[in-house]
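Please look through the sequence and the 3D view before reading on, and keep both at hand. The briefing below goes through a few places one by one.

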Amino acid sequence: MPSELRICSRCVYDTTIPEIVFDDEGVCQFCRIHDEMEKQYPSGPEAARRLAALVSSIKARGRGKDYDCVVGVSGGVDSTYTLYQAVRLGLKPLAVHCDNGWNSEIAVHNIENATNRLGVDLYTHVLDWEDFKKLQISFLKASVSDAEIPTDMAIHAVLHRAAAAEGVRDILIGHSFRTEGIVPKSWTYFEGTYIKSVHKRFSGSAKTSVPVLSLPALFYYMALRRIQVSPFLNYFDYDKKAAGEELAREVGWEDYGGHHHESLYTKFFQSFLLPKKFGIDKRKLSFSARIRSGRMTREEALRILRDEPYPLNMDIVEYTMEKLDLTMADFDAIMATPVRSFQDYPTLYPYMRALRGPIHLGFKLGIVPKILYYKYIY
Ligand SMILES: [Zn+2]
């Protein structure tokens with residue numbers, strides 16, 4: 001970690017992000033990416049126009065089918081709001097949930113309530129617990145800050161499978177760059193080869209029943225089945241707090257505390273493992289996103305960041321270790337292992353770097369999805 005912390009002059013990203021660079025005005029590259037995203041997903045009347053166009057093309061692609069889109073649901077505010085808006089806009093969604101065994105009771109309740117009240121069919125894919133547990137342990141032993149990607153990957157794979165099985169071409173996810181921010185890849189790097197290589201190294205085999213989207217599978221879904229993923233909330237002037245209040249009124253949605261704490265593993269991960277072992281304070285992502293989109297002042301964010309990210313909570317640590325069949329001695333060993341990066345394991349990243357030129361061209365031509373581009377190539 002650098003001895004002197006340097007903070008972006010516009011947001012609160014700082015040199016705890018190893019790849020951060022600043023321009024002449026002291027503004028980081030993630031703020032510039034945000035401005036690019038603003039051009040891709042404008043707000044105001046233009047947002048409403050683009051949303052209407054997206055909705056009518058989803059309806060056209062899904063004409064005559066039982067469902068015209070698949071919406072991933074976790075019980076959290078973002079995904080529940082996505083489902084709620086999809087129904088309000090006249091879409092016929094299939095709600096898809098990937099149960100990794102870590103759901104909080106409130107999350108389960110929220111999913112049931114929302115789908116019942118909105119009259120939406122729900123498909124739940126339950127991961128094989130023993131297999132998923134092994135994969136999570138592999139990532140803890142790998143000593144990387146990407147320990148949540150087995151869940152994220154399984155969700156994406158399950159959404160694509162469900163869409164393909166139903167002949168649906170549109171997947172909607174509850175993502176908004178205005179509230180979630182742009183995740184630095186040194187904090188979260190996400191792709192199938194990485195998952196397989198980490199699992200092979202720490203369990204002895206890359207084989208797992210947990211769904212993983214490989215590059216050929218992604219190609220199949222995107223190019224042959226022509227399935228597209230839309231970060232739906234980018235089309236809204238999305239305000240998490242107001243959305244939560246609206247959902248509470250309309251579909252009986254309940255708050256569960258911290259950001260993404262609908263999963264108890266996420267709670268352990270974000271409130272303990274990331275800050276205590278990796279020095280990563282994820283609040284900087286959402287605070288910076290809100291600063292960039294004028295929803296929070298930089299001063300206010302800096303003031304809140306001076307406090308410890310989360311109260312020390314050993315209960316969640318004990319719960320997590322017990323559920324993973326690990327001892328507290330195992331936990332101490334995990335905490336003591338030196339921090340590693342995704343670049344210490346076999347991944348597709350070197351190839352993506354080598355193909356930077358053509359990928360950039362593909363992005364300009366609109367062939368490479370914006371999300372992939374921003375995530376890996378910048
Ligand atoms: Zn910045």
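Which residues in H5 meet which residues in H8? In this predicted model, Lys134, Leu135, Ser138, Phe139, Lys141 and Ala142 of H5 are in contact with Tyr194, Ile195, Val198, His199, Phe202 and Ser203 of H8. Sorted by class, this contact holds seven nonpolar, three polar and two charged residues.

**How H5 and H8 are arranged**

- Two packed helices are described by the angle between their axes and by the distance between those axes.
- For helix H5 (residues 129-142) and helix H8 (residues 192-203), the packing angle is about 85 degrees, and the axes lie 9 Å apart.
- Because angles of 65 to 115 degrees count as roughly perpendicular, H5 and H8 are described as roughly perpendicular to each other.

**The zinc site**

- The zinc ion has Cys8 (SG), Cys11 (SG), Cys28 (SG) and Cys31 (SG) as its protein donors, and they lie 2.3 Å from the ion.
- The angles among the four donor atoms run from 102 to 116 degrees, and the site of the zinc ion is tetrahedral.
- Along the sequence, the donor residues follow the spacing C-x2-C-x16-C-x2-C, and two of these residues, Cys8 and Cys11, are buried.

**Helix H12 and its cover**

- Helix H12 (residues 283-292) is mostly covered, since nine of its 10 residues are buried.
- The buried residues of H12 are Arg283, Lys284, Leu285, Ser286, Phe287, Ser288, Ala289, Ile291 and Arg292, and what covers them includes H1, H7 and helix H13 (298-305).
- Thr179, which is found in helix H7 (residues 177-180), touches Tyr238, Ser286 and Ala289 when residues up to four places away in sequence are not counted.
- Thr179 has a relative accessibility of 6% and therefore counts as buried, the cut-off for buried being under 20%.
- Just after H12, Gly294 takes a positive phi of about 75 degrees.

**The loop at Gly44**

- Gly44 sits in the loop between helix H1 (29-40) and helix H2 (45-61).
- Is Gly44 buried, exposed or partly exposed? With 42% relative accessibility, Gly44 counts as partly exposed, because partly exposed lies between the limits of under 20% for buried and over 50% for exposed.
- Gly44 and Ile111 are 67 residues apart along the chain, and their C-alpha atoms are separated by 30 Å.

Technical notes. Residues are numbered from 1 along each chain as its sequence is written. This is a predicted model: local features need pLDDT of at least 70, side-chain atom pairs count only at pLDDT 80 or more; totals for chains, interfaces and linings use all residues. Side-chain values use heavy atoms; hydrogens and water are left out. Helices (H or I, at least four residues) and strands (E, at least two) are DSSP runs, numbered from the N terminus. Buried means under 20% relative accessible area, exposed over 50%, partly exposed in between (1.4 Å probe, protein chains only). Donors are N, O and S atoms within 2.8 Å of the metal (3.2 Å for Na, K and Ca); water is not among the atoms, so sites may look incomplete. Four donors count as tetrahedral if all angles lie between 85 and 135 degrees; four count as square planar and six as octahedral if opposite donors are over 155 degrees apart and all others between 65 and 115; anything else is irregular. Axes are lines fitted to C-alpha atoms, for helices over the stretch in contact, and angles run from 0 to 180 degrees between N-to-C directions. Angles under 35 degrees count as roughly parallel, over 145 as roughly antiparallel, 65 to 115 as roughly perpendicular and the rest as oblique. Contact means heavy atoms within 4.5 Å. Ala, Val, Leu, Ile, Met, Phe, Trp, Tyr, Cys and Pro count as nonpolar, Asp, Glu, Lys and Arg as charged, and the others, Gly among them, as polar.
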